[in-house]
Amino acid sequence: MILAMALHAIPQASPIQPGRKSVETIVYTVRRGDTLDRMSRSFLVEERTWRSLLKLAGIRDPRRLPTGRRLVIPRDWLRYTVEPARLASYRGNVRVAISGRPVSPTVGMPVIEGTQLATGANSFVTLILADRSQIVLPSQTRVRVRQLRRILLTGAVDYRLEVQNGRLETKVTPLDEPSGRYRIETPVSMTAVRGTEFRVAFTPDATTAATEVLGGTVALSDAEDSQPPLRLEPGIGATIDGTGATRTEKLLPAPDLDNPGQLQTHDNAEFRVRAVPGAARYRAVIASDAGFVENLAEQISADGSFAIADIPNGNQFVRLSAIAPSGLEGLAQAYSFTRRLASIRASVKAEDDGYRFRWTGAGGGARRYRFQLMPGAVGARPIVDQVGLQEDSVTLRNLAPGIYHWRVGLLQIDSGESVETWTDPEKLTIADASAHRSGP
């Protein structure tokens, strides 16, 4: 089991001295007005009484509890309240089970301890915890919610989730109370923080877990202290395998997007990133909000080119990252873009009465077409330029032998907004039939 704890102001990944496992306790400082009776009745489990606190406090007078006295109290003595998370959004094939019983996911539904969540291909779930921390489950991920608790004595949260397969992305609200805990477990690791942005992944087949630190600081160690613990600053990632072997590396920088202002009109939303040295793959995630709570789609690409289907119209956001050969995902960069589906595709076919040019596409509102045929090279002055077409085809007859280029334009007007787009110029070669005739 690997234990990771949040630390502050750590300059780089470096070993720290191993220590003994600590008992699960919290430290409480006695305040004015505290009494053993009130504390035991309000904050301790039924098995513990004021006599238990009296012994911890190390005092003889049960009627006097000195202000400022520090009590080291076992966590399992303390009462807590369960604070459900909220299912903020989901998309695609999402399965939810509570105590083994399947339930249908709904936006806003409470997510309690013992809930199992699983996402299918190109599916997402976003949870908002009671302290406003955000958790995102991307595609092909399975997570169990272990604890969602608030300790009554201190008001601190005690959260614990288990990644059984896939990835988990989280932005943790800083824990103001020292006794607060936020832990993400896998079968071979545990990451605990006090307020940071990080990702945890686990691959069952390889029994390998990964932690990628984007903000804040995390210290990573194995529970048996078989190796010196490591401290990870932002921009550092670590992988741990089933044998406990740990490897750290600097996360790859965020890739830059080519042509970030491009209007997305094609059937697929298309993006291309500039190559990042050392990257094996790239990831793109699309969301309808800048906080990436309402995720819409994701895709992995080997060369940095993406074509993502079923993206609705509107102002959307794409987040891009590079993935190292180790599997660690690097830093991410997000861009806004505008989606206006106004696609057009065209083809040409020789028929008995000439050449028939046809087109089709997708989009809403009123659609008008323009057809151009140019002799010779691309960019020549059109010899055919038909505008305002409502039909989906044009037939040209008696075209002389030669080389032509042609294209089809679309003017789409929807809800008062107009979009103009063209097909790429296509080459058409018409052979001279008389050159193939035989005989005198």
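First, a word on the basis. We are looking at a predicted model, in which local features need pLDDT of at least 70 and side-chain atom pairs count only at pLDDT 80 or more, while totals for chains, interfaces and linings use all residues. Residues are numbered from 1 along each chain as its sequence is written, and side-chain values use heavy atoms, with hydrogens and water left out.

Strands here are DSSP runs (E, at least two residues), numbered from the N terminus, and two of them pair if DSSP finds at least two bridges between them. Strand E29, residues 354–360, is joined to E32 by four bridges, and the two run antiparallel. They belong to an open sheet of three strands, ordered E28-E29-E32, with antiparallel pairing. Strand E28 (345–351) and strand E32 (393–396) are at the edges with a single partner strand each, so one side of each has no neighbour in the sheet. From one strand to the next, the twist averages 15 degrees; the axes behind such angles are lines fitted to C-alpha atoms, and angles run from 0 to 180 degrees between N-to-C directions.

I turn now to the loops. Between E32 and strand E33 (402–414) lies Asn398, which has a positive phi of about 60 degrees although it is not a glycine.

Ser99 sits in the loop between strand E6 (94–98) and strand E7 (101–103), and its relative accessibility of 69% counts as exposed.

Conventions
Buried < 20%, exposed > 50% of the residue type's maximum accessible area, 1.4 Å probe, protein only.
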